Amino acid sequence: LDVGVPENELAPLDLQPNPTFGPLSVTLPANTTALHAEVLDAHSRVVWNKALGASTEQVQLDLSALSEGAYVLRLRLQGGSVRQGRFVIAK
């Protein structure tokens with residue numbers, strides 16, 4: 001249905017390696033600044049979070065304390081927008 005309003009669909013985050021045993025690298029789109037990261041489990045509970053201090057381009061996260069399973073990484077960006085991506089921890 002076209003209502004004359006452009007949709008603003010964002011591509012998912014680029015997370016590598018996926019699956020991972022703990023270290024996770026996030027490549028941000030150009031001109032994007034990440035301020036906060038949180039990881040949600042399969043029940044949408046926040047199981048890990050960290051302030052990033054205005055990280056740009058590449059963010060390295062150590063998620064080795066998490067158990068095996070599927071997760072969602074949610075990044076809060078400068079300006080108030082949110083980007084997310086799915087990843088798996090396999091040990």
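1. In this predicted model, Arg45 and Asp41 form a salt bridge through their side chains, with an N to O distance of 2.9 Å. Arg45 is partly exposed at 49% relative accessibility, while Asp41 is buried at 13%.

2. The structure holds three salt bridges. Salt bridges with shared partners join Glu38, Arg74 and Arg76 into one network. Glu38 and Arg74 meet at 3.2 Å, N to O; Glu38 sits in strand 3 (residues 33–40) and Arg74 in strand 6, 36 residues apart. Arg76 also bridges to Glu38, with the closest N and O atoms 3.2 Å apart. Since Arg76 lies in strand 6 and Glu38 in strand 3, this pair ties together parts that are 38 residues apart in sequence.

3. Arg74 is partly exposed, with a relative accessible area of 23%, and Arg76 is partly exposed at 36%.

4. There is one aromatic pair in the structure. Tyr71 and Phe87 are stacked, 5.6 Å centre to centre with 20° between the planes. Tyr71 belongs to strand 6 (residues 69–77) and Phe87 to strand 7 (residues 82–89), so the pair ties together parts 16 residues apart in sequence. Tyr71 and Phe87 are both buried.

5. For the chain as a whole, the secondary structure comes to zero helices and seven strands. Of its 91 residues, 35% count as buried. The accessible surface is about 5,900 Å², of which 50% belongs to carbon and sulfur atoms. Among contacts between residues at least 6 apart in sequence, 54% join residues at least 24 apart.

How values were computed:
Residues are numbered from 1 along each chain as its sequence is written. This is a predicted model: local features need pLDDT of at least 70, side-chain atom pairs count only at pLDDT 80 or more; totals for chains, interfaces and linings use all residues. Side-chain values use heavy atoms; hydrogens and water are left out. Rings of Phe, Tyr and Trp (its six-membered ring) pair if their centres lie within 6.5 Å; planes under 30 degrees apart count as stacked, over 60 as edge-to-face and the rest as tilted. Helices (H or I, at least four residues) and strands (E, at least two) are DSSP runs, numbered from the N terminus. Buried means under 20% relative accessible area, exposed over 50%, partly exposed in between (1.4 Å probe, protein chains only). Contact means heavy atoms within 4.5 Å. Accessible areas come from the Shrake-Rupley method with a 1.4 Å probe; for residues, only the protein chains shown count as cover. A salt bridge is a side-chain nitrogen of Lys or Arg within 4 Å of a carboxyl oxygen of Asp or Glu.
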